[in-house]
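Me: I would like to learn how to read the packing and the sheet in a model like this one. Please take one feature at a time.

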Amino acid sequence: MKTIGTVLLVVALAWPLPAQQFKFNLEHLEAKASDVVDISLNGSTLQFAAKFLDGKDPDEAQVKKLINGLEGIYVKTYSFKSEGAYSAADLEGIRNQLRAPEWSRIVRFKSAEDGETAEVFVRNEDKKISGVAIIAAAPKELTVVNIAGPVDLESLSNLSGHFGLPKLETAPPARPKKLD
Amino acid sequence: MDWLEQELKHALERKEPPPGFAARVAAAAAGGAVQARRPVRMLPRWLPAAAAVLLIAGGGAAYREHQGRVAKDRVMLAMRITAGKLNHIQSHMREAKP
């Protein structure tokens, strides 16, 4: 019995750890949700998929550039027919894992009018960004994203303008100088 | 005896074999004639194996292609969701700016 336990422990230690950088712990919401999107892509799947992305297509070219070198992308979206399906504790359980010094929150917005909140966290490792987390909560929808690996934030922000989304300028265009 | 009976009797009556028949049968039994009657072109024995290998390789490539397309679609969906959320956040941040 002790031998079996030792073997199981060795196997558990030798088993490759998932690249996901924090636990979502939202499985209990699946029964309440009307729609669930659950995407888990590890590094090897991403690199395999990259071979099938068309560099001539603007959307696919942008994604190909972004996923280069990533260790994984994990997305969970729950849509609900009514409000109150998830609790503040569900969100707090995720936020508690995204703490300093490893993680830092770079964006947070709360709309009292729509009842929406959204937060973007980045993971720093050796002064480099090694992961991004997004928590977007609306009354009838909850989305959690983890992009694991060296993320180019500029490429990530450049996703606006793709997938049919409007291009958002990060800064207003400079006024042309008046010639004397 | 009607005509049918006569015809049958004629058709089934014993006939002597042509001269040299016994010798030809003996020669055929020895193998010479059997070899001569084999098909002119036989399919090589390796051909079915090669066809099987090609079939498996083709099937494997098609399966790999399918897996690649599925992985690509999932990556694109993940990125579409992420981009949508980021776009939403960015537009709210812009609106909030004075």
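**The core, the sheet and the contact**

Reply: Of the 45 residues in the largest nonpolar core, L46(A), I73(A), A133(A), I135(A) and V75(B) touch the most other members. A nonpolar core is a set of buried Ala, Val, Leu, Ile, Met, Phe, Trp, Tyr and Cys residues joined through C-beta atoms within 7 Å; buried means 20 or more other C-beta atoms within 10 Å of a residue's own, exposed 12 or fewer, and partly exposed in between, with C-beta atoms placed from the backbone. This is a predicted model: local features need pLDDT of at least 70, side-chain atom pairs count only at pLDDT 80 or more, and totals for chains, interfaces and linings use all residues. Residues are numbered from 1 along each chain as its sequence is written, while chains are lettered from A and ligands numbered from 1 in the order in which they are written.

Me: Which element gives the most to this core?

Reply: In soluble globular proteins, nonpolar side chains tend to be buried together. Here α4(B) gives the most, with eight residues. Helices (H or I, at least four residues) and strands (E, at least two) are DSSP runs, numbered from the N terminus.

Me: With which residues is V75(B) in contact, leaving aside its neighbours within four places in sequence?

Reply: Contact means C-beta atoms, placed from the backbone, within 7 Å. By that rule V75(B) is in contact with L41(A), L46(A), A49(A), V63(A), I67(A) and I73(A), its neighbours within four places in sequence left aside.

Me: How many residues does each chain bring to the contact?

Reply: Chain B brings 25 residues and chain A 32 residues.

Me: What is the order of the strands in the sheet?

Reply: Strands of a sheet pair through backbone hydrogen bonds, either parallel or antiparallel. Pairing requires at least two DSSP bridges between two strands. In chain A, an open sheet of six strands has the order β1-β2-β6-β5-β4-β3, with antiparallel pairing. Its edge strands are β1 (35–42) and β3 of chain A, each pairing on one side only.

Me: Where do the hairpin turns take a positive phi?

Reply: Between β3(A) and β4(A) there are four residues, and G115(A) takes a positive phi near 70 degrees. The hairpin of β4(A) and β5(A) has two residues between its strands, with D126(A) at a positive phi of about 50 degrees. β4(A) and β5(A) pair over nine bridges, and T117(A) stands opposite A137(A).

Me: Why does α2(B) lie largely in the open?

Reply: Of the ten residues of α2(B) (residues 21–30), the number buried is zero, so this helix lies largely in the open. G31(B) follows α2(B) and has a positive phi, near 120 degrees.

Definitions and conventions: Two residues are in contact if their C-beta atoms, placed from the backbone, lie within 7 Å.
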